[in-house]
Amino acid sequence: MRVAKPLVSAGGGFPAIYYTVKKTLESGNPIGLARRLLSKNTCKTCALGMGGQRGGIVNEVGHFPEVCKKSFQAQASDMRGVIDEDYFTRTPLSQLRFLSSAEFERLGRLAFPIVAEAGSDRFRRITWDEALTRTIETFRSAPPLRTFFYSSGRSSNEAAFLLQLLARAYGSPNIHNCSFYCHAASSVALGDVYGSGTASVTLDDLAQADVAVIAGANPASNHPRLISQLIAMRRRGAKVIVINPLKELGLVRFRVPSDLRSLLFGSDVSDIYLQPHIGGDIALSKALLKGVIEADAIDRVFVNDHTSGFEAVRADAEASSWDDLIEASGVPRAQIDASVRLLVQAKRGIFLWAMGLTHHTHGVDNVAALANLAMARGWLGRPGCGLLPLRGHSNVQGVGSMGMAPALKEAFASALETAYDIDVPREPGQDTYASMLAAERGEVNAALLLGGNLFASNPDRSWAERALQNIPFTVSLTTKLNEGHVHGRGRTSIVLPVFARDEEPEPTTQESMFNYVRLSDGGVASIEGDLRSEVSILASLAEGILPAGRFDWSSLHSHETLRQEIARVVPGYGPLADIARTKQEFTVGGRVRHDAAFATPDARAHFVVPPMPAFRPAAGEFRLMTLRSEGQFNTVVYDEEDVYRGNRTRDVVMMSAEDAAALGVAEDDRVTVRTETGRMLVTVAIVDIRPGNLAMYYPEANVLVPRRLDDRSKTPAFKSIIATVTCSERQLPRLGRPQRS
Ligand SMILES: Nc1nc2c(c(=O)[nH]1)N[C@H]1C(S)=C(S)[C@@H](COP(=O)(O)OP(=O)(O)OC[C@H]3O[C@@H](n4cnc5c(=O)[nH]c(N)nc54)[C@H](O)[C@@H]3O)O[C@H]1N2
Ligand SMILES: Nc1nc2c(c(=O)[nH]1)N[C@H]1C(S)=C(S)[C@@H](COP(=O)(O)OP(=O)(O)OC[C@H]3O[C@@H](n4cnc5c(=O)[nH]c(N)nc54)[C@H](O)[C@@H]3O)O[C@H]1N2
Ligand SMILES: [Mo]
């Protein structure tokens with residue numbers, strides 16, 4: 001059988017360097033691009049938190065150079081030209097509907113406000129004055145409970161703080177961000193475990209650990225700079241265990257471009273690569289814990305002195321039979337034993353994870369099961385040990401810290417009430433999915449979307465389109481147009497162009513996944529346009545929408561004033577008051593756990609028994625996950641090909657050679673993938689994945705994703721989908737290939 005080979009021999013390396021050169025040339029302004037990359041701004045891609053005051057290619061512990069092709073991708077993309085007015089006059093919505101994500105991306109930047117009126121067939125340019133006045137009037141006449149406010153994690157702390165304050169002072173608790181579709185499960189689980197929802201470690205801790213366990217993440221593509229940390233760990237003798245149904249090339253071998261030895265000879269990234277079934281992580285974590293118990297390697301002192309609930313977890317592990325755990329996880333006993341040996345030998349360990357654990361109906365339980373293992377070894381509350389959710393967007397954690405969420409901790413809520421004389425209801429508002437349901441029911445009059453692509457981030461694409469189009473008025477703030485502005489827009493929709501982070505006229509701040517707050521200097525826009533900063537737009541809306549009261553809303557146009565407000569209201573953010581003056585970046589207070597004092601009511605860390613999930617395919621069915629390729633950032637597709645997985649196009653279903661043989665199909669054959677929600681005609685791509693499991697690319701595959709959520713975190717199960725595969729009756733020619741007549 002013909003099997004596709006990865007298009008490269010290792011992650012990173014010369015192809016990554018070639019790619020950055022190509023992007024540099026494509027930007028049309030290599031010097032401008034270099035200047036932007038070196039500027040003192042937090043990197044715009046993942047939440048690893050590069051840049052800030054050390055400059056774009058230095059990490060939090062000062063290592064230089066930390067180069068990542070993703071930042072080139074993002075920068076070059078923001079430097080593309082602008083969409084001219086004529087384009088909107090010429091192009092009806094019916095035509096824009098056919099643009100793919102990559103085509104929207106190539107259109108260039110939005111350079112002036114636009115509106116699509118209810119019933120109109122196209123966008124037209126409008127003035128800022130008209131755009132803001134109409135938005136203000138709409139919100140003023142809407143009942144606040146019939147509105148919602150969504151933010152992706154790309155905006156600044158200043159903008160996010162202002163937006164949640166605006167929403168709360170206006171009277172809407174329906175405030176949320178993309179983390180409901182991302183790491184909400186981690187926040188809920190960590191809240192149970194140690195009373196706060198973020199990582200317990202700093203970047204430095206990785207340098208002290210003897211073992212790292214990375215579950216359900218593909219950092220070579222999504223957090224590339226983490227790979228150099230892993231390689232550095234292995235060079236000093238530490239071990240890396242990967243847990244992933246799919247053998248990801250970049251977790252096997254990587255050539256770190258900024259490290260000559262690694263670049264030339266390549267580096268192994270992992271010591272053991274476990275390939276469970278999709279959704280099999282609870283069984284696997286229980287199996288590893290059972291092994292640790294049988295090896296008598298529980299840290300009794302830590303467990304007795306600093307935790308509660310261990311006896312129930314131990315009883316559960318002992319009551320689960322090896323055969324059941326092996327069958328449910330899909331991982332052979334010998335590999336479990338080998339991993340247990342590494343865990344038992346290590347003195348300090350860190351557990352890292354991403355969407356492979358959270359995107360399930362049992363997302364919270366997945367994280368809890370992993371945390372149990374860490375606590376059993378005593379790997380919490382000391383340096384070199386802990387739990388590290390690999391966050392998504394570059395400021396998703398900061399956006400959450402700023403209160404862009406439907407529920408606030410008591411200290412935060414009462415600080416807001418005192419500072420602004422507003423009522424903060426203790427009853428939580430809508431989460432992201434709840435707002436989508438409200439929209440579907442016709443119970444939303446207006447919505448404000450700060451960045452992101454809410455439409456293409458949702459499960460069940462046609463439902464998401466219907467729900468969002470049911471909203472009479474939406475206003476979006478964005479750098480570029482995306483599918484959401486056309487498919488997921490309100491009947492009247494206004495789209496406002498904003499500066500990117502490194503174009504902001506005033507400094508902004510961001511928070512990394514290590515709870516580290518960075519200062520971005522801003523800069524000048526590389527495009528000609530009538531753009532405004534997110535803060536300036538939101539402050540104008542606040543001034544117009546909110547009644548003049550005891551607080552002077554007009555003062556909130558200044559980023560510096562906002563930082564003073566954040567410093568006095570947001571827990572742990574006191575040092576923000578001086579950051580612009582001192583340039584002193586800092587770790588948010590009360591988050592990192594280097595001693596065993598936990599933020600729970602009893603000051604202990606909590607073990608919880610995770611139930612085994614019901615997710616199991618019947619005979620003839622597969623487990624399907626939707627994931628990102630090397631060439632995309634969430635719903636923004638930059639490149640069609642996924643070099644690490646050997647795919648030149650995105651309309652594929654990845655499966656094992658064994659399953660392909662059983663289905664009687666080969667690489668490149670056309671098949672139909674069906675779920676309860678939809679079907680797609682795609683091409684077979686053979687990869688090294690545990691048999692019985694399939695992978696497809698998000699966001700295209702959202703037509704297949706059912707609307708099924710984790711009850712506790714409200715996160716859609718983007719990765720535990722039941723699917724069937726059938727050969728197409730007729731082998732249709734592949735898209736993009738010359739067709740024979
Ligand atoms: N370049 C780039 N960087 C990004 C992003 C991007 O799109 N592009 N997105 C950002 C955002 S918002 C986020 S949230 C992160 C996402 O970062 P990731 O979570 O790494 O992204 P996904 O592609 O969703 O990949 C999930 C990984 O989990 C594995 N997986 C799927 N199901 C399971 C399972 O049941 N168990 C286990 N153990 N593994 C499983 C998949 O094989 C895949 O390797 O990256 C951030 N950084
Ligand atoms: N099937 C499936 N669905 C998923 C996932 C999955 O793995 N599978 N992953 C989920 C996850 S983890 C996430 S985080 C969500 C993604 O959720 P979102 O954050 O909603 O989506 P993005 O694609 O990151 O949004 C990108 C858009 O943000 C805008 N933008 C970019 N930069 C800026 C800026 O500086 N300011 C402003 N105002 N706007 C900007 C641009 O319009 C760009 O097109 O999708 C979720 N949906
Ligand atoms: Mo995410």
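**View 1. Strand β6 with its two partner strands.** Five bridges tie β6 to strand β7 (residues 239-243), and the two run parallel. Strands here are DSSP runs of E with at least two residues, helices are runs of H or I with at least four, and both are numbered from the N terminus. Two strands pair if DSSP finds at least two bridges between them. Look for Val-211, whose bridge partner in β7 is Lys-239. Another five bridges join β6 to strand β12 (residues 349-353), again running parallel, and here Ala-215 sits opposite Trp-353. This is a predicted model: local features need pLDDT of at least 70, side-chain atom pairs count only at pLDDT 80 or more, and totals for chains, interfaces and linings use all residues. Residues are numbered from 1 along each chain as its sequence is written, and side-chain values use heavy atoms, with hydrogens and water left out.

**View 2. The two faces of β6.** Val-211, Val-213 and Ala-215 point one way, Ala-212 and Ile-214 the other, and all are buried (under 20% relative accessible area, 1.4 Å probe, protein chains only). With five of its five residues (211-215) buried, β6 is therefore largely enclosed by the rest of the structure.

**View 3. Helix α8 beside helix α28.** The axes of α8 (residues 157-170) and α28 (residues 534-545) come within 9 Å and cross at roughly 15°; axes are lines fitted to C-alpha atoms over the stretch in contact, with angles from 0 to 180 degrees between N-to-C directions. That makes the pair roughly parallel (under 35 degrees). Contact (heavy atoms within 4.5 Å) involves residues including Leu-162 and Tyr-170 of α8 and Val-535 and Ile-545 of α28.

Note on methods. Chains are lettered from A and ligands numbered from 1 in the order in which they are written. Buried means under 20% relative accessible area, exposed over 50%, partly exposed in between (1.4 Å probe, protein chains only). Angles under 35 degrees count as roughly parallel, over 145 as roughly antiparallel, 65 to 115 as roughly perpendicular and the rest as oblique.
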